[in-house]
Amino acid sequence: MTVLDSKTPQGALADKWNNYKDHIALVNPANKRKLDVIVVGTGLAGASAAASLGALGFKVKAFCYQDSSRRAHSIAAQGGINAAKNYQNDGDSVYRLFYDTIKGGDYRAREANVYRLAEVSGDIIDQSVANGVPFAREYGGLLDNRSFGGAQVSRTFYARGQTGQQLLLGAYSAMSYQVNKGNVEIFSRHEMLDVVIIDGRARGIIARNLVTGEIERYAAHAVVIATGGYGNVFFLSTNAMGSNGTAAWKAHKKGAYFANPCFTQIHPTCIPVHGDYQSKLTLMSESLRNDGRIWVPKRKEDVEALRNGKIKPKDIAEENRDYYLERRYPAFGNLVPRDVASRAAKERCDAGFGVGETGLAVFLDFSSAINRLGKKVVEERYGNLFQMYEKIVDENPYETPMMIYPAVHYTMGGLWVDYELQSTVKGLFVAGEANFSDHGANRLGASALMQGLADGYFVLPYTMQNYLADQISVPRFDTNRSEFDEAEKQVKTLIDKLMNVKGSQPVDHFHRQLGKIMWDKVGMARNKKGLEEAVKEIQALRAEFWKDVRIPGEINEVNPELEKAIRVADFLELGELMAMDALHREESCGGHFREEYQTPDGEALRQDENFMYVAAWEYKGEGKYEMYKEPLNYEFIEVKQRNYK
Amino acid sequence: MSNKFLKYSSVTKKIVMSLAGLFLIVFLVMHLSINLLLLKSDDGAAYMQAVHFMTTNPIVKFMEIFLFGGFLLHIILGIVLQIQNWQARPVRYKVEGFSQKSFFSKYMIHTGAIIFVFLIIHFINFYFVKLGWVNPPEGVDKHDFYQMAGILFSNHFYAILYVILMIVLGFHLNHAFQSAFQSLGLNHTKYTPAIKAIGTIYSIVVPLGFAIIPLYFLLIK
Amino acid sequence: MNFTLKIWRQKNAKAKGKFVTYNIENISESCSFLEMLDILNNQLIEKGDDPVSFDHDCREGICGTCSLYINGRPHGPDDAVTTCQLHMRRFKDGDTIVIEPWRSGAFPVIRDLMVDRKAFDKIIQAGGFISVNTGGIPDANAILIPKDKADTAMDAAACIGCGACVAACKNASAMLFVSAKVSHLAVLPQGKAEASRRVQAMVAKMDELGFGNCTNTGACEAECPKQISIDNIARMNREFLGAKLGAQKQK
Ligand SMILES: Cc1cc2nc3c(=O)[nH]c(=O)nc-3n(C[C@H](O)[C@H](O)[C@H](O)COP(=O)(O)OP(=O)(O)OC[C@H]3O[C@@H](n4cnc5c(N)ncnc54)[C@H](O)[C@@H]3O)c2cc1C
Ligand code: FES
C-alpha cells in the first residue's frame, strides 16, 4: 500500500512554519498581477483566502452558490473562536492549544499542521479586530474570553451569540475592499460542478450560473476549494440547506484523495426532530452546557407518564432524575467533549429513558442555574438562545427544561491535503471544513472558525505563492481548450441524464432516505453488520434515484430542484465511501464509534497499533476506491487514552 | 430643476428638506403669535400694528425672501423625493404594508399637498391682495387684513375648512418635527425622547392656536 | 391546519407575473413557514407542476437569505424573526396567506419569490470596509474599545442584509441597511480613520442603485428581524453632514 507524503518540513515543531516561510519561493508584485486564482467558496476560509490573495496582488475570482458571498454557512456559527492569546493569564500557550486540539481529536490529526494552527491563532484575532469585528469587550476596553468544551483555559473570543457572522462579515468586507480595488471578482449564485485539469494541474472550473442555468468556464493558474463540510449527507443536520459536498466530490473524482470520510461530528445540543416534514436541525450553542444540567428520568414509569402528559418534568423529584453526564464523568460533568456527550445521550435514549414525543430527547435543565444565579443573569447569558428555542418549540425554557438531542454538525473528514494545503492534484488547494486537516477524529468547539481563517489569512498566501512562483511564465489559459470542452461536456451530460430520468419522486424523497440510512448505520454508533448493510442500501438507493427521480422545470432557468438533484447524486456516492471508510477503521476514535471497540464502561477504544494513520481514498470509478495511508507520527506529544472522568 | 439639483445625494436633499422644514416650523410660531392678536378685543388695533410692522420693516421684508425660498425648497424637494420614491418601487404590493410605527409619516406627501393647496388659497386671500394682484373684498382696504380675516372667518364654510386644515397641518407637523431632527442626525438617547415630546406638543398646540381663531369668530363674535 | 395560499409566480425577470392560488392541507402547527412551502413544492412536483422558487439557506435566522412578503409584512406576522423562523402556529386554521417577493426597483425579481439583492453587495464594495490588507496588524488589545462602543457597534453589525428594511419601507429605501454598516464601522476606533470617505461613497452608491429616499417612517426598524434601530440612520446622517461640511476640496 502506497504511503502518502505530507511534505512536513523538518526541524523542531515550533520552528517548522517559520523555517518553511523563510525558504519559500516568492512572486514579485509585477508578476502577481499576471497570475489568476479561483477560490470556490466564500465562507471564512474562502473569503479570507480571496481577500489575502487579492491583497497580495493576485487576480482572484471567488464563487459561491448563495445570492451573496456574505451568506456562506460560516455565518451560522454561534459560540466563538479559539486563540492562544493568554489574555486571561490562565496558563494558555501555543503549545497548550496545540495539545488540546490533538487530544480533542483523539490523536488522529497531523502534529505539524495543528501546531501551525495554534501558532497563527493569535494573528487571526488581530486581523479580525482590524477588519472591524466587534468582539465582546470588558469595561476596561480589553477583549473578553469565555471557556468552551475540552479545554481548561478561557481562550474563546466571541461576539455575542453571532461570532461566525461577525468573523465572516469581517472577511467579507476585507474581500469587498479587494473587489473595490479590482483584485477580486465575485461570482455569486454560481455552483462549481467540475475542476478542469490541464497537464496534471488544476487550471480552472466549470460552474453553473444558477440564474440563467448556463454552464460557464473559468480558467486560472491555481484553484482553491473552500466549500465547507458535507454533513448534509445525513439530510437532517445543522448545516445550511445548500451546504453540499459537490465541489469536493468532483475534485475527488478528478484525482484528489478523500481523507477520513467517516469522521463526522454529532453535536449533543440540538433541538430534537419534531416531525417528518422537518427540513433541518437547529443547534443550541455548546455554551448552554456551562450552566444547564442534562438529565433523563431514572424510572421508566416517569418516562411513560411524561409521554402521556400525566406529569410535567418539574414534577419529577430530584432523586428520580438521572444526571447521567455528572454520574459518568464526575471530573468534566456536563462539559465533556461533544462526541462523549452525544453518545451518552444516545445510550440513555436507546435504553428507553428518552423523553419527548419520539423518546429521542433528553432534558437540558436551567432550574438550578436560575436558582443559583437568578433569572436575570441566565437571561443575560442565554437570552437570545432561549428566545430562539421558544420560537421553534413554543415552550418557555425558563419554566420547563429544554429538550435536546444530538445532530450532525461538522465533518472532520475532507479532501486530503499536505502541509501546504495542496491536494493530490497539483495546483488544487483545499481550505476550511472542506479539507481534512486539523481536527483529527473530533473537533473541539470554537476551532473550526479558527482553522478556516488560519487557512485563508495566513497559510494559503504563503503556500500558494510557493506554488505559483514557477508559474509566472505560464500565460493565462484560453477557456476554449479541449480540456474545458471535455469537462463541460461531462457536466452537461450529467445534467441531461438527471433531467431525463423523469421519474415519479422529488429529490427530497431520496435525500431523506439516504439520511435515514446514514443516521441509523453510519451515525453515532456503528458496527460491522450495520455498515455492510449501509453500503448495500446506499447502492440500491442510488440505483433507484437514477431510475425514479423527478426534476421539474428546465435546465436553462432557475431550478432549485436540479441544484438539489446534482448535490444528492454526489451524496449518494459520498455516503457509500463514508460507510466503507467506517467499515475499514476497526477501532473507535473521536466521533467514529465502532460498537465492537469500546472499553468495559462504554468509552471509545482506539487501536493505535493498526489505525494511527489518515485514510485517503482515491476514486477508481463508481463505488471503487483505493486507500492510501498517511502514517501519523507523534514526535512531540505523548499519545494517551482520552479520559474525562 | 436642473440635473445638477437632482444629483445631490438623497441624504443632502433630506438635510435641506429638514432645515427648510425647521425654518417653517419657527415661522409658524411667529405667524401664530400675530394671528392670536386677532382675539384681542381692541378691534384689531394690536393685530394691525403687528401686520404693519411685518409688511413694512425692511429686515422682515428681507427675511421674506428666505421664507419663500424655504417654502419653495421644501415643496420642490418634497415632490422630487416623492417621485424618486415612487420610482424606487415600480411594482407595488398586493397587500400594502402596514407598520405600527409613526402612522402620519406615511402620508406626508398627502398632508403636504393639502397644505399646499390651502397655502395658495391663503395667498390669494391675503398676500396677493396686498400686492394688488387680487382685489380686496368690497369696501375693504387692501392692507386691512383684520377686516379680511373677519369676513373670511365669518363664512362658515371657510371657517370649517380652515379648522380641518389645521388638523391636517397637525398631522404633518407631528411627524415633521422629530423627523427633521432625525434627518439632521440630531439623535441622542437622552434628548430624543424630549424632542419627540416637544414635537407632539407643538403639533397639537400650534394648529390648535390657529384653529381657535375661526372658532372664536364663528361662535363668539 | 389548512390554508389558502396566494403566491406570486413569475417565470423569470422579464416575464409577466401573476398570483396563483393553492390550497394546502394537514399542516402541523409546529411546521415552519418554509417547511410548509417545501410540502407544497413536493406536492406540486408529484403533480407535475413547477414548484415555487424562494430563497433560503441557513433556516436559522442568520444568513439573511430568506425573504418573502407575507400578508403585507416582510418575514410575516411574527416580530423580530426571519421567515425561516416563522412557524405556522402564528396563523389561524383556514387563513388566506398572500406571499409576494420583496418589491423594489433595486431588487429585481429573478423568479417567483426570489429577488436579486446584489445591490447590497455593491454598496458594501463601495466603502463598507476598513482598508487593511492581511498581516502586519498590531495586537488586538493594542486599541482599547470601551464596552459600550463595542456593544453599539455589535448592535449595528447584527444586520443580516436580508433586505426586509427595503421591502418594508414605503419608499423602498435602503437607509437602515447602509446606516447599520456605516454605524458599525464609524463607532469603532479602527473604522474612524476613513469614516468620512466611507459614508460618502456608500450613500452615493445607494443613490445610484435606485433605492428610495428615507422619510423617517420607521417601518424598517419595526420590521427588521434583527431589530436594528433607526438611531443608526440618524448617526449616518450626522456622519454624512460632518463629512460633507468638513471635507477638503478634492485636488
Ligand atoms: C450551526 C453551526 C454552529 C457552529 N458554531 C461554531 C462555533 O461556534 N465555532 C466554531 O469554530 N465553529 C462552529 N461551527 C463550524 C464552522 O462554522 C464551520 O466549520 C466553518 O464555518 C466552515 O467554514 P468554511 O469556510 O470551510 O465553509 P462554509 O462557511 O460552509 O462556506 C462554504 C462556501 O462554499 C460555497 N460553496 C459550497 N459548494 C459550492 C459549489 N459547489 N460551488 C460554489 N460554491 C460552493 C458556499 O457558497 C460557501 O460560500 C458551526 C457550524 C454550524 C453548522
Ligand atoms: S434562511 Fe437564513 S435567515 Fe432565513
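**Labels and the values behind them**

Guide: The model is a predicted one. Start with Ile198(A): leaving aside its neighbours within four places in sequence, Ile198(A) is in contact with Arg203(A), Phe477(A), Arg481(A) and Glu483(A). The residue sits in strand E6 of chain A, which covers residues 190–198.

Visitor: Why is Ile198(A) called partly exposed?

Guide: Count the C-beta atoms. Ile198(A) has 16 other C-beta atoms within 10 Å. Buried needs 20 or more, and exposed needs 12 or fewer. The value 16 falls in between, so Ile198(A) is partly exposed.

Visitor: What separates the C-alpha atoms of Ile198(A) and Phe436(A)?

Guide: A distance of 25 Å. Along the chain, the two are 238 residues apart.

Visitor: Is Tyr467(A) buried or exposed, and what makes it so?

Guide: Tyr467(A) has 22 other C-beta atoms within 10 Å. The cut-off for buried is 20 or more. Therefore Tyr467(A) is buried.

Visitor: Where is Tyr467(A), and which residues does Tyr467(A) touch?

Guide: Tyr467(A) is in helix H13 of chain A. Not counting residues up to four places away in sequence, Tyr467(A) touches Ala222(A), Gln422(A) and Gly427(A).

Visitor: Which residues of H3(A) and H13(A) meet?

Guide: From H3(A), they include Leu44(A), Ala45(A), Leu53(A) and Leu56(A). From H13(A), they include Leu449(A), Leu453(A), Leu460(A) and Met464(A). By class, this contact has 12 nonpolar, five polar and one charged residues.

Visitor: Now ligand 1. How many residues surround ligand 1, and which are the closest?

Guide: There are 46. The closest are Gly41(A), Gly43(A), Gly79(A), Gly228(A) and Gly432(A). Among the elements of chain A that each supply at least two residues of the shell are helix H3 (44–56), E6 and helix H13 (448–468).

Visitor: How does the shell around ligand 1 divide by class?

Guide: Into 19 nonpolar, 25 polar and two charged residues.

Visitor: Which pair of chains shares the most contacts?

Guide: Chains A and C, of the two pairs in contact. Here 62 residues of chain C are in contact with 63 residues of chain A. On the chain C side, the largest share comes from H1(C), with seven residues. That side divides into 29 nonpolar, 19 polar and 14 charged residues.

Visitor: How many residues of chain B are in contact with chain C?

Guide: The count is 35, against 39 residues of chain C. On the chain B side, helix H2 (10–35), helix H4 (58–88) and helix H7 (156–183) each supply at least two residues. The largest share, six residues, comes from H2(B). By class, the side has 11 nonpolar, 16 polar and eight charged residues.

Visitor: How many helices and strands does chain B have?

Guide: Eight helices and zero strands. Of its 221 residues, 26% count as buried. Its C-alpha atoms fill a box of roughly 55 × 40 × 40 Å along the principal axes.

Visitor: And how many helices and strands are in chain C?

Guide: Nine helices and seven strands. Of the 251 residues of chain C, 60% count as buried. The C-alpha atoms of chain C fill a box of roughly 65 × 40 × 35 Å, taken along the principal axes.

Conventions. Residues numbered from 1 in each chain as written. Chains lettered and ligands numbered in written order. Predicted model: local features only at pLDDT ≥ 70, side-chain atom pairs only at ≥ 80, totals over all residues. Helix = DSSP H or I, 4+ residues; strand = E, 2+ residues; numbered from the N terminus. Contact = placed C-beta atoms within 7 Å. Near = placed C-beta within 6 Å. Nonpolar A, V, L, I, M, F, W, Y, C, P; charged D, E, K, R; others polar.
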